[in-house]
Amino acid sequence: MRKESRSRGIGITIFIVLLLTPIYWLVNMSFKTNREILSGLTLWPREFTLDNYVVIFTDPSWYSGYINSMIYVLMNMAITLTVALPAAYAFSRYRFLGDKHLFFWLLSNRMAPPAVFLLPFFQLYSSIGLFDTHIAVALAHCLFNVPLAVWILEGFMSGVPREYDEMAYIDGYSFPRFFVKIFMPMIGSGIGVTAFFIFMFSWVELLLARTLTSVDAQPIAAIMTRTIGASGIDWGVLAAAGVLTILPGVLVVWFVRNHVARGFALGRV
Amino acid sequence: MRKVPDNRAWWLVLPVLLLVALSALVPLMTVVNYSVQDIFGPGNAYFVGTEWFRDVLRDERLQESLLRQFGFSAAVLAIEIPLGIGVALMMPRSGVKASLCLILLAIPLLIPWNVVGTIWQIFARGDIGLFGWGLNELGLDYNYTGNPMDAWLTVLLMDVWHWTPLVALLCYSGLRAIPDAFYQAAEIDRASRWAVFRYIQLPRLRNVLVIAVLLRFMDSFMIYTEPFVLTGGGPGSSTTFLSQTLTTLAVGQFDLGRAAAFSLVYFLIVLLVSWLFFTAITHMDRDR
């Protein structure tokens, strides 16, 4: 048994080291000057520099990308949670006309390739004057985030016995008050996990976000692709921008680390 | 859970319904509308019936990218699912080490998809990338921008790097849900490691594996950003997958009718495969 657990430890360590190698390379490069990057391979920065990061933090066309991304991700989180919480409650507590069909129809939206919706989205949001706004991206991302949120939340809510609901009604709570004051705190970790997944999928999506914005609401990911097309590639700045896109996600996963695994297991198919 | 029949629950679902209808049904109807018309300009459109559909289904370029797409998705599933299970089995069961593993595993999932492409673009280059340089030093003639096979393998490796952690996390959560009593019973029976896996762990992983296979199939079938950044679909068209063909058609050439018909065929393929898989699983359940 002892020997087996050691070989497992070695196995997982190797996997994680391999997993982190490309990221190490990115971080390594972000601290190098372009001259050093292009002159040859070095495993750590010989001429350590923070210039690449300075460029990003002082140039508005760079850092506004991070702000734009943050704004629409937060908007999307707010919208998604607001509509998904009551819906998930309905699915977990009641049987109603067409409930199963509705649930699967919701999930089928998760299967729609974003490329399919590209053109109609562009036309829809242009025609109602929302093109190049944060809210347009936030609404578009609801397409895949709302079904996911309903799915995960429903799993967590089904874990809370009905008796709590009934007890609260006997105590004279109205439904909205019961929901906000008693029920939501009880599934706090579930809401946290859901928020993590909403954040993740909205943060990493580029195709829709890029199509629906041009200047004012452009996400950081799109700004990075634009820079590649410019005269010569500024590898150092590109690497630094890449490192900075990883950080918010790592922060968020830190907060929900103990619940992430549960979020998956509870979802029903 | 015991559920109460109550149609008033519709009021709670209504906001979701409206929101998703706005962002799914309206665009979908637009696509359907385009797919049966030939549009020359505003107010100048002709109904052409199924012509675009016949056109798209006969298009050799689309057939090729469809084949490439199925090959890619099959390879992704064949590698990522077993590897993910393996990683989940190796992970520590609890404690600080388990938390650390979870966080480190989650990192690739949290990187914006085009940055994933950028990372690999840098990492795989023969001159400034560790991976490409290393392979060349080993005497392999590796060049992902010139050699179609290398490009294809690099995209596959990138996807494995990017998404195996998701499968591993899913399986890990499934494994944690197995009560200790099961393992103790196995120990008393002197079950081999393989028997424990085959008769205790694997059956219990069934649910999460269904999710993992579905998610990985859907997402690998829709892959766009990562190969677009890494290879731009080339060299030639060796890594041009369905999404990219579609985007070129719709946004690049502005060929609305054909793009719309293609979109619908694409969507239907994803739905059909997912549905077949789902039905097969449900039938297996019933037989048991």
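In this predicted model, about 8500 Å² of area is buried between chain A and chain B, and carbon and sulfur atoms give 79% of that area. Helix 1 (residues 2-30) of chain A supplies the largest share of the side of chain A that touches chain B, namely 16 residues. Sorted by class, this side of chain A has 71 nonpolar, 13 polar and 13 charged residues. In terms of contacts, 97 residues of chain A meet 96 residues of chain B. Between the two chains there are zero salt bridges, while nine residue pairs are in polar contact, with both residues at pLDDT 80 or more.

The two chains also join through strands. Strand 1 (residues 94-95) of chain A pairs with strand 1 (residues 4-5) of chain B in the parallel sense, over two bridges. Within this pairing, A:Y94 has B:V4 as its bridge partner.

B:F267 belongs to helix 13 (residues 256-287) of chain B. With residues up to four places away in sequence left aside, B:F267 touches A:S108, A:M111, A:A112, A:P113 and B:L28. B:F267 counts as buried because its relative accessibility is 10%, which is under the 20% limit.

The salt bridges come next. Over all chains, the whole structure holds five salt bridges. One of them joins A:R93 to A:D165, with the closest N and O atoms 2.8 Å apart. Because A:R93 lies in helix 4 (residues 60-93) of chain A and A:D165 in helix 8 (residues 162-170) of chain A, this pair ties together parts that are 72 residues apart in sequence. A:R93 is buried at 0% relative accessibility, and A:D165 is buried as well, at 1%.

A salt bridge also links A:R162 and A:E166, whose closest N and O atoms are 3.3 Å apart. These two residues are four residues apart in helix 8 of chain A, so about one helical turn separates them. A:R162 is buried, with a relative accessible area of 11%, whereas A:E166 is partly exposed, at 34%.

In chain B, B:E80 forms a salt bridge with B:R216, and the closest N and O atoms are 2.8 Å apart. This pair links distant parts of the chain, since B:E80 is in helix 3 (residues 60-90) of chain B and B:R216 in helix 10 (residues 206-221) of chain B, 136 residues apart. Both partners are buried: B:E80 has 0% relative accessibility, and B:R216 has 1%.

Notes
Residues numbered from 1 in each chain as written. Chains lettered and ligands numbered in written order. Predicted model: local features only at pLDDT ≥ 70, side-chain atom pairs only at ≥ 80, totals over all residues. Heavy atoms only, no water. Contact = heavy atoms within 4.5 Å. Buried area = accessible area lost by both parts, 1.4 Å probe. Salt bridge = Lys/Arg side-chain N within 4 Å of Asp/Glu carboxyl O. Polar contact = N/O pair within 3.5 Å; in protein donor to acceptor, adjacent residues only side chain to side chain. Nonpolar A, V, L, I, M, F, W, Y, C, P; charged D, E, K, R; others polar. Pairing = 2+ DSSP bridges. Buried < 20%, exposed > 50% of the residue type's maximum accessible area, 1.4 Å probe, protein only.
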